[in-house]
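Here are my notes on the model you sent over. I have kept them as numbered points so that you can follow along in the viewer.

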Amino acid sequence: MVLEPPRRLVRALAEDPGADDAAAWLDRLPELVEAATRHHGVRVERLLQPGGRSGVVLLVRRADDAPAVLKLAPPRARPAAEAAALARWDGLGACRLLSEPEASTEDGARHGAAPGGDATGRAATLASERGLLLERLRPEISLSSLPQAKAMLEAAETVRRLWVPVTGESPYETLTARTERQAARMREAAGPLVLPLVENALAVRRDLLAAAARQDAERVLLHGAFRQAKVLAGERLPWLAVGPEPVIGERAYDVARLARDRLEDLVASDGGASAARRRVTKLAEALDLDRDRVQGWAHFRATVAGVAALAAGRRQEGETLLEFAAWL
């Protein structure tokens with residue numbers, strides 16, 4: 001089929017440190033789509049636009065004419081980990097995975113065991129090439145379409161369902177490893193004017209991880225990229241999460257991105273700084289979390305995102321994010 005990748009995806013992949021691999025994946029995309037539709041026995045209705053920043057989403061029909069979604073993403077987006085998380089949740093709080101995860105991730109998804117290295121690499125390649133067949137939700141309706149107070153209430157109820165404990169090893173990335181990568185990129189990209197804010201964010205991260213290293217610290221499966229736009233209206237349940245970037249860690253990290261939803265409205269309002277801190281407090285109270293840890297992770301994640309936006313030439317977005325980070 002003729003397929004032109006969404007501009008938002010092309011732009012996002014070009015900003016990724018693995019842009020060369022991403023470019024090669026984009027070149028192969030038409031053949032990958034053809035192979036994936038054949039593998040899953042589906043026919044394509046249309047490409048979802050504007051789509052996401054990590055992969056291509058196609059609205060498809062199964063052999064029995066039931067609607068579904070086929071998602072293809074490059075290996076760097078870790079589609080095998082996404083499949084494992086969706087299988088673990090099994091439709092509770094998130095869209096349902098309609099195809100079995102690749103064999104090497106299946107046990108990890110169901111029992112928390114880590115697959116072998118070679119098998120993991122093969123599973124990652126297969127998940128990227130075959131794509132994920134998913135329950136179709138209503139992509140035109142997300143929590144972002146609701147009034148802010150209602151959206152935050154529904155978001156809190158949805159994300160709470162995703163937090164399942166993980167014991168032993170798992171097929172998912174750890175919070176320490178993920179934020180170490182983010183911290184390294186932030187150090188490299190930060191200009192002199194934002195260095196004080198960056199150094200503060202790095203110090204906050206060190207303190208948060210030191211406490212998280214305790215033997216009794218939380219170790220749960222997190223969505224990893226949770227926000228209002230990642231929660232769509234469904235038929236089976238009113239609201240279901242999509243697009244996880246699963247990670248193992250503490251719940252406060254998952255709420256941190258949610259804290260800056262509709263940031264432009266927050267920045268434009270009078271008393272934006274106090275409103276941002278009140279939002280953090282409300283989220284922490286609603287989900288029974290430590291307010292300081294939610295605020296700390298919100299500060300770190302906003303700083304990381306702001307520096308990355310500035311480095312990519314998105315000045316207004318970067319400055320807005322860093323202003324939010326400074327408030328916290």
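1. Start with the buried side of α13: Gly-318, Thr-320, Leu-321, Leu-322, Phe-324, Ala-325 and Trp-327 are its buried residues. Buried here means under 20% relative accessible area, exposed means over 50%, and partly exposed lies in between, using a 1.4 Å probe and protein chains only. The cover over these α13 residues includes α8 (195-212), α10 (263-268), α11 (272-286) and α12 (291-311). Helix α13 itself runs over residues 315-327, and its 13 residues reach 18 Å from first C-alpha to last, close to the expected 18 Å. That expected span is 1.5 Å times one less than the number of residues.

2. A word on what you are looking at: this is a predicted model, in which local features need pLDDT of at least 70 and side-chain atom pairs count only at pLDDT 80 or more, while totals for chains, interfaces and linings use all residues. Residues are numbered from 1 along each chain as its sequence is written, and side-chain values use heavy atoms, with hydrogens and water left out.

3. For the overall picture, the protein chain has 13 helices and eleven strands. These are DSSP runs numbered from the N terminus, with helices (H or I) of at least four residues and strands (E) of at least two. Of the 328 residues in the protein chain, 51% are buried. Among contacts (heavy atoms within 4.5 Å) between residues at least 6 apart in sequence, 73% join residues at least 24 apart.

4. Next, have a look at how α11 meets α12. Their axes come within 9 Å and cross at roughly 125°; axes are lines fitted to C-alpha atoms, for helices over the stretch in contact, and angles run from 0 to 180 degrees between N-to-C directions. The two helices α11 and α12 are therefore oblique to each other. For reference, under 35 degrees counts as roughly parallel, over 145 as roughly antiparallel, 65 to 115 as roughly perpendicular, and the rest as oblique. From α11, the contact uses Arg-277, Val-280, Thr-281 and Ala-284, and from α12 it uses Arg-291, Val-294 and Gln-295.

5. In the loop between α11 and α12 you will find Asp-288. Its phi is near 55°, a positive value in a residue other than glycine. Is Asp-288 buried or exposed? Asp-288 counts as exposed, at 66% relative accessibility.

6. The pair α7 (residues 175-189) and α8 is worth a visit too: their axes come within 11 Å and cross at roughly 165°. That angle makes α7 roughly antiparallel to α8. The contact is made by Thr-176, Thr-179, Glu-180, Ala-183, Met-186 and Arg-187 of α7, together with Val-198, Ala-201, Leu-202, Arg-205 and Leu-209 of α8.

7. Helix α3 is mostly covered, with nine of its eleven residues buried. Among them are Pro-79, Glu-82, Leu-86 and Trp-89. Just after α3, Asp-90 takes a positive phi of about 50°, and this residue sits in the loop between α3 (79-89) and α4 (103-111).

8. Finally, please click on Leu-134 in strand β4 (residues 132-135). Leu-134 is buried, with a relative accessible area of 7%. Leaving aside neighbours within four places in sequence, the contacts of Leu-134 include Ala-68, Val-69, Leu-86 and Leu-97. Leu-97 and Leu-134 are 37 residues apart in sequence, yet 4.8 Å apart in space, C-alpha to C-alpha.
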